[in-house]
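Please look at the structure below before reading on. The text then goes through one region of the model step by step.

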Amino acid sequence: MAEPKLKKPLSSHRWVLGYLMREKAVFLPSLAALFLTAVLSLAFPWFLKELIGNPADALRNGVDPAQVVEKSNRIVLMLVGVLAVQSIIAFFRVQGFIRSGEAALNHLRRDIFAHLVQLPVRFFQEQRSGALSNRVSADLGIVRDTLLNAVPQAVRHGVILIGGLIFIFVASWKLSLIMLGSVPIVVLAIAFFGRKVRGHSREAQDALAEAGTVIEETTQSIADVKAFGNEHFEARRYDRALATFLQVTARGARHRAAFLAFIIFALFGTIAFVTWFGARMYAQGEIDWRNFAAFILFSIFVGASLGSFPEIISQFQQTAGATDRLREILDTPTERTSGAEDVLLQGSLAFKRVNFHYASRPEAPVLRDVDFQVEPGQRIALVGPSGAGKSTVFSLILGFHHPESGRITFDDVHAAEISLPCLRAQMAIVPQEVILFGGTILENIEYGNPGASREDIARIAEMANAHDFISRLPDGYDTIVGPRGTKLSGGQRQRIAIARAILANPRILLLDEATSALDSESERQVNEALERLMHGRTSLVIAHRLSTVRHADNILVFNHGKIVETGTHEELLARDGTYKLLVETQLM
């Protein structure tokens, strides 16, 4: 059987137009109005030609002042009427273009964000903090300028150009052909300079995103910046990023300036030459005055329209560079969405000879032949030195990464046969370092079950030992936690994270030791909340403290990506192995 033909990708401009056509009920009438106003704008040189008349007729027949005044009044009134109609249509046309352009841009924003949040975790791990959001914002800004300004201008000047060419062909086909002789030269220039502008646009967007990344990283880590006295270092880092951006834009500006200068010289030089040639034709009687005047007036309009095209084309080239980056994001494969969506987990979990390494480090295996079984309701502790592979086990359970070989099963069903949303909806994680969203405490707890009532959230907060401290805050549950939860203490953030996990009501709970950085009182309160959270649930705990390990049903001891020992606390202490050594050093 023959292989199916690959679908040819859309050009950047057709891709953007596709978003505009989603608003065709507004866009197409606005486009029609734009055509009409552009055609009406050609009335100005037409009426001006009629107003000038033919001086030769005036010399032969004499001048009748009353007739001249009557003709002038009639033409000016007609012109004013046309301008009034054009202005009214333009009022609605501008509104329509803005509405359709902004709506199309919102469709694009939604599509990009909806795709972004479905991309695998490894995609975000390969991006610098802030670089992605800054790049998307900058690219969308260019697309917005194109939709709201460049597209209407291109259509308007295109209509004027075509209409003007028709009129000048009627006036003199010979002069028109001479004028159009410059078109091939202009087209070649556009093709040459356009590629240059597009390339520089992409480089400039990357450089600007890099500068934005410095701001975002610095503000997110402002406490560290000030603690080390590195304000001037960060300022210099930002200066270097801006200098790079300025160098790229300067190179792009040279090409754009050369492009514009060449077009101006070519177009208006052509008009000057054609006017000179037309004057010779008029002197030799090859063209009458009325047609010669019409040709000059419409040529001015044609030249003005052509003169605006370099900037419009440059904007389109910039947009092509920006949309290339946006389409790269949209073309990046999302996470796996296949599999059963109605599986209700009982809490059984197993790793069967699982091997894994990160794509960026294929020579360094992280997990090697990891094999263990967890029964529903069991509490399993994962212990071992830093870098032994404990956190990677959590990443594999959550589906952030996938094994190179081996199987992960839930209730004896291969993980690949269950959809990731279905699995994650029945799991919850309380990380060691809790990073909250910048909204209210209520919104952060509600994240575990969007749509939960305020009463349910307050009840869950009590179970997490969080209700008392929340109630003492001036705004209670409506308190803004600040960026990343920085307005709350570590113990408060942990208890909010536990409340969020309880509200999610998971079957499988993943705990990355939540008390390792807390004072004794906060640790006591968090531990009480964790006990309530783990009751009746399958729990896997990455343990750094002995107090967490003592009550585990089974302990998995990791070292160099392997499970080197398993058993209860007492069983493992009886052996002279890695676990005993870890206990002697308090699992640190």
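The model is a predicted one. Strands of a sheet pair through backbone hydrogen bonds, in either a parallel or an antiparallel sense. Here, six strands form an open sheet in the order 6-7-8-3-9-10, and their pairing is mixed. Strand 6 (427-430) and strand 10 (562-567) are at the edges; each has a single partner strand, so one side of each has no neighbour in the sheet. From one strand to the next, the twist averages 20°.

Helix 13 (residues 390-397) packs on it and touches strand 3 (379-383), strand 6, strand 7, strand 8 (538-542) and strand 9 (554-559). The direction of helix 13 makes about 145° with that of strand 8. Helix 18 lies across strand 6 and strand 7, and runs at about 175° to strand 6.

Helix 18 (residues 490-504) also meets helix 16 (residues 454-463): their axes come within 9 Å and cross at roughly 120°. The two helices are therefore oblique to each other. The crossing of helix 16 past helix 18 is right-handed. Helix 16 contributes Ile457, Ile460, Ala461 and Met463 to the contact, and helix 18 contributes Ala499, Ile502 and Leu503. Of the residues in this contact, seven are nonpolar, with no polar and no charged ones.

Notes. Residues numbered from 1 in each chain as written. Predicted model: local features only at pLDDT ≥ 70, side-chain atom pairs only at ≥ 80, totals over all residues. Heavy atoms only, no water. Axes fitted to C-alpha atoms, helices over the stretch in contact; angles between N-to-C directions. Helix = DSSP H or I, 4+ residues; strand = E, 2+ residues; numbered from the N terminus. Parallel < 35°, antiparallel > 145°, perpendicular 65-115°, else oblique. Left-handed = near helix turned anticlockwise from the far one by under 90°. Contact = heavy atoms within 4.5 Å. Nonpolar A, V, L, I, M, F, W, Y, C, P; charged D, E, K, R; others polar. Pairing = 2+ DSSP bridges.
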